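Subject: Structure handover

Hello,

Please find the structure below, followed by notes on what was found in it.

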Amino acid sequence: MQYQSQKVAMPYFIAAIGLFTGQILFGLIMGLQYVMGDFLFPAIPFNVARMVHTNLLIVWLLFGFMGAAYYMIPEETESELFSPKLALLMFWIFLVAGALTIVGYLLVPYAGLAQMTFNDLWPTMGREFLEQPLPTKLGIVVVALAFLFNISMTILKGRKTSIALVLLMGLWGLAVFFLFSFYNPSNLVLDKYFWWWTVHLWVEGVWELILGSLLAFVLIKVTGVDREIIEKWLYIIVAMTLITGIIGTGHHYYWIGTPEYWQWFGSVFSALEPIPFFMMTVFAFNMVNRRRREHPNKAATLWALGTGVMAFLGAGVWGFLHTLAPVNFYTHGTQITAAHGHMAFYGAYVMVVLTIISYAMPMMRGRAANSEKAQVMEMWAFWLMTVSIVFITLFLTAAGILQVWLQRVSETPLGFMATQDQVTLFYWLREISGVIFLIGLIVYIASFFVEGETKEAA
Amino acid sequence: MPTPSITLHNHKPGAPPGDLVIWLFIFAELLAFGIFFGAYAFSRSHHVELYNQSQLLLNRESGAINALVLITSSYFVVRAVAAIKQGFSRECANWIAGAIGLGGVFIVIKLLEFNAKFSAGISLSTNTFYMFYLSLTVFHFMHVILGMVILTAVMLKARRGGYTPEDHTGVETGASYWHMVDLVWIILFPLVYVIR
Amino acid sequence: MNHPPQPHFVRPCTRIWLVLVVLTAVTYSIGEAGLGGKNVMLFVLAITLIKSQMIASYFMGLRKTSPMWRIIMGSWLVIVGGMIASAYLMGLQ
């Protein structure tokens with residue numbers, strides 16, 4: 001760690017891992033509710049568990065991105081953070097607001113929560129992933145603006161590298177597109193139309209820029225490959241992401257009342273969305289093969305390579321599976337979507353945040369890498385979590401195919417719930433994989449507490 | 001004689017002219033257009049009558065003139081590369097300026113064409129043919145603009161004498177991209193304006 | 001390596017440009033004549049692919065590259081041409 005202010009990343013990373021654990025626990029609760037419908041009813045109904053599961057994911061990834069930015073930007077710009085105090089203050093505001101929101105979800109019925117938080121004055125609630133009450137949404141904007149101010153000022157006074165600029169672009173995009181969560185037209189088609197401007201343009205647009213720059217940063221550090229080469233790759237990945245991702249939004253517009261041409265735009269452009277992900281895989285492996293040094297942090301390298309592969313599989317391959325309009329006609333909103341969602345989020349965003357944590361945490365704790373023993377444990381955690389997410393994806397895909405067949409293709413289609421009964425086996429298998437994922441996560445957390453001989457940070 | 005600086009551009013023998021990364025980009029772009037062309041062709045096979053009739057209302061002259069404009073502009077860029085290989089920075093910059101000028105001509109002609117279509121009330125939702133006609137040409141149009149931006153950057157650097165016979169990867173990079181823009185129109189024009 | 005610029009009467013690239021212009025004029029006249037049908041389509045498509053290959057080989061400079069690059073570009077042209085032709089033939093039925 002070269003700059004004192006990089007250390008503000010630490011609480012962000014710790015909070016991220018903590019919320020990650022919460023997300024997995026609620027995932028397991030919900031997974032069980034798929035097969036035991038009244039589990040924990042009425043304390044935690046399915047819709048609440050789902051809301052907590054997805055909202056925690058988003059919040060902890062945001063913590064991860066912010067922590068990553070606070071860690072990377074001083075090193076990239078070669079100057080201390082504009083204001084570490086502001087960063088720390090925002091951390092606490094964000095954490096308290098996030099915690100209050102989750103507690104609100106769990107303790108107050110959603111409609112009551114809406115009433116308590118002035119939703120009738122400015123209705124923004126009730127939409128998937130954007131369920132947060134108005135004060136939370138406003139809080140997110142304040143935190144994001146303070147964060148962006150802090151990061152932008154640091155970049156303005158320091159060295160301006162491509163990695164820093166791409167990251168900045170991604171983070172600004174993240175903030176700007178979140179503003180669409182405040183726009184809630186009463187026309188349901190328009191509502192969905194703009195809802196995707198937040199949801200899609202985040203995960204298939206600006207977040208990919210963040211992903212690319214985080215990956216590039218870690219690869220420069222662990223491989224020692226020239227910055228020029230890495231930046232060239234980054235530029236091309238960014239360009240392909242934007243070309244395919246922006247118009248690729250159309251693959252969400254198929255059956256919701258938008259003009260027909262979206263079926264063509266969505267199919268053509270989103271069919272190309274795997275390309276930037278594929279480039280990222282080639283990029284990661286290429287750079288590691290051309291490495292000029294053997295970095296002692298093997299675990300971070302493994303996470304970086306894993307991100308490349310799993311992001312391509314989850315976002316690229318599983319996304320492509322159901323992105324073409326004629327296919328999506330059958331698979332829309334089935335377990336296929338859930339399969340894709342799980343692997344894409346884990347492979348792209350969870351893994352890249354864990355990559356930067358894996359690289360940065362030892363540095364912040366005063367060593368170039370963790371002890372051999374801790375790294376072996378971390379790698380065990382890598383494989384446990386990655387393999388179990390692969391199985392979760394496969395079981396959900398199987399469930400989805402069966403669901404499409406029984407419910408939509410068959411000559412004598414079954415109803416939704418009758419179909420759900422037929423795929424119970426896969427839901428059980430998914431739940432078992434989920435438990436293994438949790439074990440992986442526990443091993444991962446435990447690896448932070450393993451002592452042993454370590455090298456001093458360079 | 002200037003010592004050739006250590007370049008990072010991996011110029012192995014047998015690699016295409018320009019930066020390797022632009023070629024990845026070019027092929028990704030060609031893939032995108034390829035899929036679009038295929039989609040047009042197969043969708044046409046379901047609505048042959050509609051396509052043949054709608055095609056009659058296109059302005060074939062402007063399409064053909066634009067093909068000539070881009071071909072000539074591409075040729076100018078070839079001359080620019082030839083010039084820099086002999087160390088003529090000024091000449092190189094002038095050829096590129098000519099290519100950019102022709103790009104401007106393309107844009108003006110295209111805008112007139114779009115304007116005529118829009119004032120006739122044609123939009124993406126008119127029918128499938130016009131959906132493809134508009135999206136293909138607009139998508140290509142945006143590539144012309146991007147190509148002009150790249151060429152402008154190259155021209156400014158050439159004007160400052162930033163390229164040498166030993167190191168002119170930048171010129172070749174811009175040139176390769178511009179040829180790709182030309183290549184796409186070479187296929188788009190007959191496909192959409194002529195074949196029936 | 002100090003050749004003076006070779007005296008060309010007409011540079012090779014200028015000849016390529018001329019051929020491209022002529023072929024474009026042919027394509028345009030076919031359109032103007034309102035010709036259609038399978039054979040015309042194949043003819044126009046053939047001209048188009050020849051033009052494309054000329055741009056790729058001479059303007060983009062692929063003819064001096066290793067086989068991999070020429071194969072990638074060549075197969076792109078073949079696939080695009082093949083799709084256009086087969087879709088056209090499907091439409092005839």
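Chains A and C do not touch, and their nearest C-alpha atoms are 15 Å apart. Here two residues are in contact if their C-beta atoms, placed from the backbone, lie within 7 Å. The most contacts among the 2 pairs of chains that touch are between B and C.

This is a predicted model, in which local features need pLDDT of at least 70, side-chain atom pairs count only at pLDDT 80 or more, and totals for chains, interfaces and linings use all residues. Residues are numbered from 1 along each chain as its sequence is written, while chains are lettered from A and ligands numbered from 1 in the order in which they are written. The model scores ipTM 0.90 and pTM 0.88. For chain C the mean pLDDT (the predictor's confidence in each residue, from 0 to 100) is 92, and 91% of its residues reach 70 or more.

Chain A

Chain A has 16 helices and 0 strands; helices (H or I, at least four residues) and strands (E, at least two) are DSSP runs, numbered from the N terminus. Along the principal axes, the C-alpha atoms of chain A fill a box of roughly 65 × 45 × 45 Å. Of the 458 residues of chain A, 51% count as buried. A residue is buried if 20 or more other C-beta atoms lie within 10 Å of its own, exposed if 12 or fewer, and partly exposed in between, with C-beta atoms placed from the backbone. Among contacts in chain A between residues at least 6 apart in sequence, 80% join residues at least 24 apart.

One residue to look at is His322(A), in the loop between α11 (298–321) and α12 (325–331) of chain A. His322(A) is buried, because 21 other C-beta atoms lie within 10 Å. Not counting residues up to four places away in sequence, His322(A) touches Val327(A), Asn328(A), Thr331(A), Ile336(A), Thr337(A) and His340(A). Its C-alpha atom is 9.6 Å from that of Ala271(A), 51 residues away along the chain.

Chain A with chain B

In this interface, 16 residues of chain A are in contact with 14 residues of chain B. On the chain A side, α8 (227–248) and α9 (261–271) each supply at least two residues, and the largest share, 7 residues, comes from α8(A). By class, that side has 13 nonpolar, no polar and 3 charged residues. Ala, Val, Leu, Ile, Met, Phe, Trp, Tyr, Cys and Pro count as nonpolar, Asp, Glu, Lys and Arg as charged, and the others, Gly among them, as polar.

Chain B with chain C

The axes of α3 (residues 60–85) of chain B and α1 (residues 12–32) of chain C come within 10 Å and cross at roughly 170 degrees. α3(B) is therefore roughly antiparallel to α1(C); angles under 35 degrees count as roughly parallel, over 145 as roughly antiparallel, 65 to 115 as roughly perpendicular and the rest as oblique. Axes are lines fitted to C-alpha atoms, for helices over the stretch in contact, and angles run from 0 to 180 degrees between N-to-C directions. The residues of this contact divide into 11 nonpolar, 3 polar and 2 charged.

Chain C

Chain C has 3 helices and 0 strands. Its radius of gyration is 17 Å, well over the 12 Å that the globule rule gives for 93 residues, so chain C is more spread out than a compact globule. Buried residues make up 29% of the 93 residues in chain C.

Regards

How values were computed:
The radius of gyration is taken over C-alpha atoms; the globule rule is 2.2 Å times the number of residues to the power 0.38.
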